Amino acid sequence: MITLSKGGAYLIDGVTVVEEGHDDLLKSKLGEGVPSKAEAAKNTMAYRILKEHNTSGNMQELQIKFDKLTSHDITFVGIIQTARASGLEKFPIPYVLTNCHNSLCAVGGTINEDDHMFGLSAAKKYGGIYVPPHQAVIHQFAREMLAGGGKMILGSDSHTRYGALGTMAMGEGGPELVKQLLSQTYDIHMPDVIGIYLTGEPAKGVGPQDVALAIIGEVFDKGYVKNKVMEFVGPGVSNLSADFRIGVDVMTTETTCLSSIWRTDEKIQEFYEIHGRADDYKELNPGDVTYYDGMVYVDLSKIKPMIAMPFHPSNTYTIDELNQNLEDILHDVELKALVSLDGQVDYRLTDKVRNGKLYVEQGIIAGCAGGGFENICAAADILKGRNIGSDEFTLSVYPASMPIYMELIKNGAAADIMAAGGVLKTAFCGPCFGAGDTPANNAFSIRHSTRNFPNREGSKLQNRQIASVALMDARSIAATAANQGYLTSAMDLDVEYQNPTYHFDSSIYANRVFDSKGVADPDAELKLGPNIKDWPKMVALTENLLLKVVSEIHDPVTTTDELIPSGETSSYRSNPLGLAEFALSRKDPGYVGRAKEVQKAEKVREEGNCPGTVLPEIQEVTSLIKQELPQYPINRETIGIGSTIYAVKPGDGSAREQAASCQKVLGGWANIAQEYATKRYRSNLINWGMLPFIYEQEELPFKLNDYIFIPNIIQAVIEGAAEVSAFAIDEHKKITPFTLKLGEMTEDEREIILKGCLINYNRV
């Protein structure tokens with residue numbers, strides 16, 4: 001079904017793959033004119049697009065300027081507030097503000113709609129585009145109205161992926177968008193490019209989520225595409241519709257890749273023509289001889305309907321495999337839950353087995369992954385003439401945009417779904433992050449959405465609630481619905497798929513979307529609701545650091561949902577201090593209190609007073625440092641006091657900058673990890689002035705509530721030191737020396753760390 005090359009590979013004429021090391025075969029195909037790997041690597045589509053957008057003149061050290069930006073209502077307030085504090089006068093490139101996350105206004109009173117009004121006023125003042133609530137989810141609007149062949153888009157949502165349309169798109173934390181708004185650059189090393197070589201054609205009943213989950217399950221644990229570009233090539237691409245490619249592409253985020261790009265053809269050209277943007281199409285293909293740093297072989301004909309069991313998109317099985325081994329697989333998930341949930345609740349799935357079949361309580365088809373036209377039409381074909389029953393099982397369908405919704409009404413698919421007992425709702429990302437359709441306690445939901453992390457569906461572990469989600473394709477969700485809640489593969493039903501033609505109604509956006517056409521109105525006033533707050537003052541790095549370990553997490557991976565929960569907490573995303581109260585609340589409820597205690601001591605120090613007056617242990621620790629480590633002279637002015645967390649591999653999942661900024665506003669000055677799950681989380685730490693330390697050994701020289709003294713840290717950052725000396729101090733006043741790695745940082749990143757955060761770096 002899916003195999004991985006052990007090394008690099010050449011692609012010849014877009015069809016023939018020759019893996020590295022097979023020199024004789026390569027010469028037999030190309031004669032003596034075999035290009036070097038370095039030269040052939042320049043023939044990737046990714047290289048050509050990156051070169052066109054690179055401003056550094058050095059293709060190994062990229063400084064990228066994007067063509068367009070996009071954000072939703074969880075992130076755009078903070079981004080614009082940060083840019084304002086740094087001197088923003090006008091959006092220099094098209095910037096789209098969508099409202100598909102905080103669209104439920106019942107939580108927190110007026111604050112969600114206040115954010116929307118802020119967005120509209122900002123679009124007027126700075127020259128942007130504003131998409132009102134319920135009109136489109138962020139990524140569908142970008143596909144329909146923003147993408148362009150050979151272009152690059154940066155978004156503040158991790159699923160910013162438009163590679164199927166020939167657009168290299170990346171999802172990053174808000175500070176990276178701030179840099180673009182200030183006409184700065186996105187700085188990265190030239191990424192490796194991995195070929196995704198598609199052959200064959202999907203079987204009837206197999207959808208894009210099935211292909212995506214199969215790929216994720218194969219590459220995630222191996223880190224095969226981590227921080228790399230996935231480039232989709234091969235003859236199988238032509239056997240997929242535009243919608244199908246889009247559905248696979250959006251899920252590439254769950255592989256932890258940096259971005260994606262696909263070769264394009266007449267089907268993508270038709271997509272642009274349907275949306276009235278024929279001039280935005282560009283044919284993209286790899287060169288005649290192209291070198292990839294690895295190759296993923298995908299035989300589409302062998303893909304079967306898939307399911308990703310809790311609590312990660314990579315925990316994959318075929319639905320047939322699950323049904324044939326129910327007890328064993330469900331028991332294995334329960335064992336994994338003991339780690340993911342820290343044993344805080346009694347989590348069970350084996351009790352979902354009824355008469356030898358797995359019963360689920362909820363099905364959802366939604367958002368940027370599931371809410372596409374073809375997915376919903378296929379689900380309607382399966383449900384036509386059937387019904388979901390009157391027991392616990394429910395079905396909700398969220399078309400990804402109002403134009404899609406309108407076409408589903410016109411062609412009758414909406415009626416077929418509703419007649420079967422399903423509910424159609426407007427464009428909203430809530431089911432993907434816990435702000436809509438939260439299941440009952442102990443319920444099990446199957447969803448064509450993007451993620452199934454612990455509690456991401458909206459349950460609250462701190463309240464001893466637990467529900468869970470498995471990811472599936474819309475077709476098998478519909479088949480399960482037609483079987484009234486019993487897990488069913490779409491291949492098990494005999495369905496005649498109608499494959500109706502899509503007609504895009506441009507008047508829907510023309511009538512409702514505010515588009516400034518890039519013209520700013522400096523006299524327009526921003527509408528600031530009472531929950532919209534400025535960022536608190538953040539101080540520059542001090543010569544030495546004294547950090548208290550205020551959280552210690554040993555899970556194999558810590559997601560951004562665990563660092564700062566999604567769901568209704570998102571309503572506070574425009575209030576940095578208010579949101580920070582929820583930091584780590586699902587993973588370590590004591591974190592906020594411990595961090596605040598240390599922060600009080602630092603604030604007293606900044607005021608020129610003795611921090612020991614509010615936290616006596618500080619006085620004891622600093623006295624010990626002066627006594628036992630006299631080679632590092634310290635005083636109140638030269639030693640900053642802050643907190644740090646340790647996690648094995650933090651930052652998997654969302655691009656949300658708040659996973660880092662909440663720690664910062666609570667006095668955090670660093671993270672310590674064996675590795676960082678994504679490039680974007682590490683970048684978020686740096687942009688918020690937090691040191692991204694690495695400690696690779698499993699046995700730690702420190703523990704929760706210990707202090708870590710890091711001398712001469714300013715000097716180390718200025719010099720670009722790869723390692724720094726550190727000293728752990730435990731409750732018995734024992735001092736243990738050890739070494740922390742800093743990793744590579746650009747000159748700008750080092751300056752951001754030194755000044756305390758990106759706001760300070762840019763402040764005018």
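## Salt bridges

The structure holds 33 salt bridges, each a side-chain nitrogen of Lys or Arg within 4 Å of a carboxyl oxygen of Asp or Glu. This is a predicted model: local features need pLDDT of at least 70, side-chain atom pairs count only at pLDDT 80 or more, and totals for chains, interfaces and linings use all residues. Residues are numbered from 1 along each chain as its sequence is written, and side-chain values use heavy atoms, without hydrogens or water.

Lys37 pairs with Glu20, with the closest N and O atoms 2.8 Å apart. Lys37 is in helix 2 (residues 37-41) and Glu20 in the loop between strand 3 (16-19) and helix 1 (23-30), so the bridge ties together parts 17 residues apart in sequence. Helices (H or I, at least four residues) and strands (E, at least two) are DSSP runs, numbered from the N terminus.

Lys282 bridges to Glu52, with the closest N and O atoms 3.9 Å apart. That pair links distant parts of the chain, 230 residues apart. Lys282 is partly exposed at 35% relative accessible area, whereas Glu52 is exposed at 52%. Here buried means under 20% relative accessible area, exposed over 50%, and partly exposed in between (1.4 Å probe, protein chains only). Elsewhere, Arg354, Asp391 and Glu392 are linked in a network of salt bridges.

## A buried lysine without a bridge

Which side chain of opposite charge is nearest to Lys649? It is Glu675, 4.1 Å away. Lys and Arg count as positive, Asp and Glu as negative; His and the chain ends are not counted. Lys649 is buried yet has no salt bridge.

Lys649 sits in the loop between strand 28 (639-647) and strand 29 (650-652). Beyond its neighbours within four places in sequence, its contacts (heavy atoms within 4.5 Å) include Lys226, Pro556, Glu675 and Tyr676.

## Cavities

There are seven cavities of 30 Å³ or more. A cavity is a set of points on a 1 Å grid over the protein atoms alone where a 1.4 Å probe fits but cannot get out; lining residues have an atom within 4 Å of a point. Volume is the space filled by probe spheres set on the points, which are joined across faces, edges and corners.

The largest cavity has a volume of about 230 Å³. Of its 21 lining residues, His72, His101, Asp157, His159 and Arg456 lie nearest its centre. The second largest cavity has a volume of about 90 Å³. Its lining includes Gln140, Arg143, Asp243 and Glu374.

Notes. On a 1 Å grid over the protein atoms alone, a cavity is a set of points where a 1.4 Å probe fits but cannot get out, and a pocket is an open set with protein on both sides within 12 Å along at least five of seven lines; lining residues have an atom within 4 Å of a point.
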